[in-house]
Amino acid sequence: MSEAESLHVIEQVPRGLLEAPATRLHEVLPGPTLMHLPGRRAEPLFVSVLLHGDETGGLRAIQRVLAEHRDRALPRALSVFFGNVHAGRAGVRRLEDQADFNRAWPGSEGDTGAVGALLAEVLEAMRLRRPFASIDLHNNTGRNPYFACVTRTDNVTLQLASLFSRTVVVFRRPLGTQASAFSALCPAVACECGQSIDELGVAHAAEFVAGALHLAQLPVHPVGKGDLHLFHSVARVRVADAVTFSFDGSPAALRFGEDLEWFNFRELAPGTVLAQCAPGTDVCLEVRDEHDRDVASIYLEREAGCVQLRRGVMPAMLTRDARAVRLDCLCYFMERLAQP
């Protein structure tokens with residue numbers, strides 16, 4: 001296993017950690033690091049940051065929380081996993097030779113190699129510590145509201161999610177996520193905290209983590225009716241690997257509009273145009289549901305040189321970041337879900 005995928009375990013805040021940006025975190029932490037800190041309540045809150053090296057808001061949020069408790073005891077034990085430190089140094093989602101740190105947790109598909117072994121080690125270490133709850137902090141590349149993602153809809157999990165946002169997305173895919181793996185141990189939520197440059201998102205994430213540390217327990221009763229906007233992520237949309245695309249009108253097989261990101265978390269009607277097609281181009285968007293079935297023909301159609309919606313959906317995480325589109329996806333399609 002390379003140094004980039006070896007797990008380091010520490011039990012105190014190292015010098016320089018609270019000030020280091022993601023691009024210099026490698027000067028403080030030699031690689032992926034699991035940090036355990038004591039608190040007045042023994043069951044730890046688990047927080048993961050920097051699973052994607054270019055999503056830096058979670059790191060800054062946990063630095064704020066730790067700085068606020070620099071000279072006083074934490075109200076609850078805290079375990080923090082600083083994930084892809086080396087991708088953070090490069091300012092990219094992941095290095096070219098790495099598996100994705102949020103697609104390689106136990107339960108993932110395919111061979112996840114050294115990264116998968118590392119993440120399984122983190123999960124087992126936390127299983128032995130019996131975590132109180134799990135929070136995974138992320139950023140978006142596109143314009144989105146702050147929202148929480150969960151894989152379970154039990155009362156305790158939704159109560160935890162509601163403390164971060166009234167907007168909650170239930171998902172089954174992609175597999176191998178941190179939230180999915182930790183949901184077998186404790187209430188687990190992934191928090192989408194806006195774009196990395198969003199300092200309000202950093203402050204919101206820090207407030208959420210600090211609040212969770214002060215909880216004696218999570219409520220077990222249902223979230224109040226109407227207090228959540230619950231959505232089900234029903235399909236993942238990708239641009240086929242061989243297909244060219246653009247966002248600025250330049251020649252390509254698919255030409256998306258510059259205002260594409262404004263579709264996020266808006267209920268779009270059938271007939272809404274997602275992209276212009278070059279002559280002779282097929283739809284070229286891959287749409288797969290949570291059972292990994294091809295459902296492109298259910299959601300999309302080509303009409304008058306355009307790719308448009310065949311049925312109404314609400315997109316999330318649409319982005320104009322071409323690298324993010326290639327590494328992950330264009331967006332997810334969602335439908336409203338009745339609150340349990």
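**Note on the predicted model**

1. Helix 4 and its cover. The buried residues of helix 4 are covered by, among others, strand 5, strand 6 (147-150), strand 7, strand 8 (188-195), helix 6 (199-214) and strand 9 (229-239). The helix itself spans residues 155-162. Its buried residues are T157, L158, Q159, L160 and A161. The model is predicted, and the remarks below should be read with that in mind.

2. Overall make-up. The chain has eight helices and 17 strands. Its radius of gyration is 20 Å, which agrees with the value near 20 Å for a compact globule of 340 residues. Along the principal axes, the C-alpha atoms fill a box of roughly 65 × 45 × 35 Å.

3. Buried residues make up 55% of the 340 in the chain. Among contacts with a separation of 6 or more, 76% are between residues 24 or more positions apart.

4. Surface and charge. The accessible surface of the chain is about 14600 Å². Carbon and sulfur atoms hold 50% of that surface. There are 35 positive and 41 negative charges, and their mean positions are 4 Å apart.

5. N264. Is this loop residue buried or exposed? N264 sits between strand 11 (254-256) and strand 12 (273-277). Its relative accessible area is 7%; the cut-off for buried is under 20%, so N264 counts as buried. Its side chain reaches the backbone oxygen of R143 at 2.7 Å. A polar contact at 3.4 Å links the side chains of N264 and N144. Beyond its neighbours within four places in sequence, N264 is in contact with R143, N144, P315, A316, M317 and L318.

6. M317. M317 has a positive phi of about 65°, though it is not a glycine. Most residues other than glycine have a negative phi. M317 lies in the loop between strand 16 (314-316) and helix 8 (322-327). Its relative accessibility is 23%, so M317 counts as partly exposed.

7. R130. Here too phi is positive in a residue other than glycine, near 55°. R130 is in the loop between helix 3 (113-129) and strand 5 (133-140). How is R130 classed, buried or exposed? Its relative accessibility is 59%, over the 50% cut-off, so R130 counts as exposed.

8. The R173-P174 bond. R173 and P174 are joined by a cis peptide bond, with omega about 5°. Most peptide bonds are trans. P174 is in the loop between strand 7 (167-170) and helix 5 (178-182). Strand 7 is also part of the cover over the buried residues of helix 4.

9. V13. Which residues does V13 touch, leaving aside its neighbours within four places in sequence? They are L18, M35 and L37. V13 is found in the loop between strand 1 (8-10) and strand 2 (33-37). At 35% relative accessibility, V13 counts as partly exposed. V13 and V168 are 155 residues apart in sequence. In space, their C-alpha atoms are 32 Å apart.

10. Points to check by eye. Look at the cis bond between R173 and P174. Then view the positive phi values of R130 and M317. Finally, follow the side chain of N264 to the backbone oxygen of R143 and to the side chain of N144.

Definitions and conventions:
Residues numbered from 1 in each chain as written. Predicted model: local features only at pLDDT ≥ 70, side-chain atom pairs only at ≥ 80, totals over all residues. Heavy atoms only, no water. Helix = DSSP H or I, 4+ residues; strand = E, 2+ residues; numbered from the N terminus. Rg over C-alpha atoms; globule rule 2.2 N^0.38 Å. Buried < 20%, exposed > 50% of the residue type's maximum accessible area, 1.4 Å probe, protein only. Contact = heavy atoms within 4.5 Å. Areas by Shrake-Rupley, 256 points an atom, 1.4 Å probe, with all protein chains shown as cover. Lys, Arg positive; Asp, Glu negative; His and termini not counted. Charge placed at Lys NZ, Arg CZ, Asp CG, Glu CD. Polar contact = N/O pair within 3.5 Å; in protein donor to acceptor, adjacent residues only side chain to side chain.
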